[in-house]
Amino acid sequence: MPPPHSTQPPSPLPPRPRLLQSLGSCSRRAVTSAASSPSPSPPGWPRPLRYAVLGAGFAGLSVAWHLLQQSPKDSRVSVDVYDENGVGGGASGVSGGLLHPYSPKAKLLWRGGEFWKESMDLLRSAEKANDTAGSDRDDESLIWRRGILRPPTTEKAADILLENAQSCLQSCSLQVLDSDAAQRLIPGLHVPLNLAVYMPLALNINPRKYLQALFSACQNVANEASTSSSEQKEFNLYNEHIDNLHQFSGDYDAVIICLGGKASSLPELTNKLPLRTCRGVIAEFQLPSDTVEKYGSQSPSILSDAWLAFQGPCTVSVGSTWQWKSDNHDPSVSDEEARTATEELLPKASAVYPGISKWDYVRARAGIRAMPPLTANGSLPLLGCLNDVIGERSNCAFWLVGGLGARGLLYHGLAGKLTAKAVISSDENMIPSEFTCWKAIKASR
């Protein structure tokens, strides 16, 4: 077991050959456990609550964290996370990492303030576990707090940005800058319309490192509870493939599916979720070591027709492409796919930051987004109990956290919190109806 403040998830261990009724002894051999297997319940204690979380990305680890945090006092709780690729091995780990509560047109999203707050709470917990909060070294950073700048490239976009910028969150404010002020922030920036919207409190996250830190935070909660005489908590990771849902029904009180684009591939959910898949490619660039001019150490990232997420003065990720209806879940990118992506992304990036032409292409990575349907309140995550959807009549409750789309970082905190409350109380009404109304929408074919 890694030390409590380790930022790396445990090394994958051999998967279990099958689920067993007595999972405690099996978990000691075949999974990484953040607390000792609990001893038999003292007289008068309730039976342990057992939860399985499928997926170790943004949604899965948020759900796991909130299940551990919100479980009743004086209880025994076990949270088992399943992900064949490990922590952050799916699409969450290759996301862009720019975090703010606004639409591309700078309009505050529905419940944007609440989404923002819950994500910030999780980030603080992850930073505490990572034990690098306040580090000045870019190679140690989990979060770059340098803001995001949005220069519009059309008159119509500029008018909309100006109008929307009048209403913003105090905790993530918007500032309208002219070209001189914008270029002081980012030397060499092209501001075609003498206007840019600046989000000084917006964040640039290292997704994989953040997920590893959040995993460690979950471990710490379980470790701390193991020293209590009044409660016991387990947190386990299984590195194995999930074939179907019914294999879990005899072992858990609830199973929460947080598999992103892979959720629809489960036989019980095929053609039952109104999700569209979209493969996105992100290209990474580095500034040659002999280049004198570096990107400003305090300069913000850039959000335009393409986004540029800078991780220090010499590294940038540029994204993202949108390949709809893709079923390619492979995070690796072929030379041809990478060439096509850079040919699409570089002109968009150069339109606002011409200096990108001096940067060298390093690699590309990709992931599948699970895109939800558009509603009157925007594209919202799909939450809720699945038993009626899949026709399950067992004592195990199946739940979904899906469709976070391109806003996984923003949505995952609140989505995980609401779902954990509903799971613990066995009451779907704990989730606002706007997140469960998808059940009335015919699944995309």
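Reply: Accessible areas here come from the Shrake-Rupley method with a 1.4 Å probe, and for residues only the protein chains shown count as cover. The protein exposes about 19200 Å², with carbon and sulfur atoms supplying 49% of that. Bear in mind it's a predicted model: local features need pLDDT of at least 70, side-chain atom pairs count only at pLDDT 80 or more, and totals for chains, interfaces and linings use all residues. Residues are numbered from 1 along each chain as its sequence is written, and side-chain values use heavy atoms, leaving out hydrogens and water.

Me: What share of the residues is buried?
Reply: Of the 445 residues, 56% are buried (under 20% relative accessible area; exposed is over 50%, partly exposed in between, 1.4 Å probe, protein chains only).

Me: And how many helices and strands?
Reply: Nine helices and 21 strands. Those are DSSP runs numbered from the N terminus: helices are H or I with at least four residues, strands E with at least two.

Me: How covered is H6?
Reply: Mostly: 17 of the 20 residues in H6 are buried.

Me: Buried or exposed, and why?
Reply: Thr-436 counts as buried because its relative accessibility is 15%.

Me: What does Thr-436 touch?
Reply: Leaving aside neighbours within four places in sequence, Thr-436 is in contact (heavy atoms within 4.5 Å) with Leu-383, Gly-384, Glu-428 and Ile-431.
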